[in-house]
Amino acid sequence: MDEVRAAGRSGRGVGALLLMAGGGVVAVGTGAPGLETETFTRISCHETRVEKGGTVWHCFGMSRAQIETAAELRRQARQYALIAHRPGGPPRRPEPPPLRTRFTFVDHDGREDPVEVTATRVGSRWIAHAPNVVGTGVALLLAGTGVTVSGALRVRAARSASTRGRAA
């Protein structure tokens, strides 16, 4: 009887972990409130062989703030270049590279890079909102629910068997 209870309790623990993981993945895939979510444009995906409706693992893009910062840096570099040609002026400073963000799991039509991608930040990574991410989260939620229910039923069966044993 104790073995059944222990198995049921561990099943409920594993189920709870799967439920939490699935909820987290769904939250990231949909941009739940409280998570840092941003929209990116100027998307470039370096993978060229993508099936229609597929997912690209890594793409790069720029947020509105990054576009504005890059434009300001280019303007400053041009102005600095004009000043640098004057006698006694400072040496020429190279133009800084544009700021770009890398994100994962981007939906791709197989022909052109997407125009716009919305992504959620998880630690240092940006995860794009994609049906594949949400589908993985839902699968984890369903698995967690199944394992939790199975564990609860095992504990319930063990308790009813132990009460029947005491009554006899």
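# Legends to the close-up views

View A. C45 counts as buried because its relative accessibility is 10%; buried means under 20% relative accessible area, exposed means over 50%, and partly exposed lies in between (1.4 Å probe, protein chains only). The views show a predicted model, in which local features need pLDDT of at least 70 and side-chain atom pairs count only at pLDDT 80 or more, whereas totals for chains, interfaces and linings use all residues. Residues are numbered from 1 along each chain as its sequence is written, and side-chain values use heavy atoms, with hydrogens and water left out. The structure holds 1 disulfide, a disulfide being a pair of cysteine sulfur atoms within 2.5 Å. C45 and C59 form this link, and their sulfur atoms lie 2.0 Å apart. The link is right-handed, with 105° about the S-S bond. Helices (H or I, at least four residues) and strands (E, at least two) are DSSP runs, numbered from the N terminus. C59 also counts as buried, because its relative accessibility is 0%.

**View B. The pairing of strand β1 with its two partners.** Strands of a sheet pair through backbone hydrogen bonds, either parallel or antiparallel. Here, two strands are taken to pair if DSSP finds at least two bridges between them. Strand β1 (residues 37–45) pairs with strand β2 (residues 54–63) in the antiparallel sense over 4 bridges. On β2, C59 is the bridge partner of C45, and F60 is the bridge partner of S44. Strand β1 also pairs with strand β4 (residues 116–122), again in the antiparallel sense, over 5 bridges. On β4, V117 is the bridge partner of F40. Strand β1 also contains R42, a residue with a positive phi of about 55° although it is not a glycine. R42 counts as partly exposed, because its relative accessibility is 46%.

**View C. The closed barrel of strands.** In which order do the 5 strands close into a barrel? The order is β1-β2-β3-β5-β4, and the pairing is mixed. From one strand to the next, the twist averages 45°; axes are lines fitted to C-alpha atoms, for helices over the stretch in contact, and angles run from 0 to 180 degrees between N-to-C directions. F103 in β3 is the bridge partner of C59.

**View D. The largest nonpolar core.** In soluble globular proteins, nonpolar side chains tend to be buried together. A nonpolar core is a set of buried Ala, Val, Leu, Ile, Met, Phe, Trp, Tyr and Cys residues joined through side-chain atoms within 4.5 Å. The largest such core here has 11 residues, among them F40, I43, C45, C59, F103 and W126. Strands β1, β2, β3 (101–108), β4 and β5 (125–128) each supply at least two residues of this core. The largest share, 3 residues, comes from β1. The core also includes A128. Not counting residues up to four places away in sequence, A128 touches T104, F105, V106, V117, T118, A119 and V133; contact means heavy atoms within 4.5 Å.

View E. Q66 is found in helix α2 (residues 64–84). Is Q66 buried or exposed? Q66 counts as buried, because its relative accessibility is 15%. The side chains of Q66 and T101 are joined by a polar contact of 2.7 Å. A polar contact is a pair of N or O atoms within 3.5 Å; within protein, one must be able to donate a hydrogen and the other to accept it, and residues adjacent in sequence count only if both atoms are side-chain atoms. Leaving aside its neighbours within four places in sequence, Q66 is in contact with F40, G61, L99, R100 and T101. G61 has its place in strand β2 and counts as buried, because its relative accessibility is 0%. With the neighbours within four places in sequence again left aside, the contacts of G61 include F40, R42, Q66 and F103. G61 and V115 are 54 residues apart in sequence, and their C-alpha atoms are 9.7 Å apart in space.
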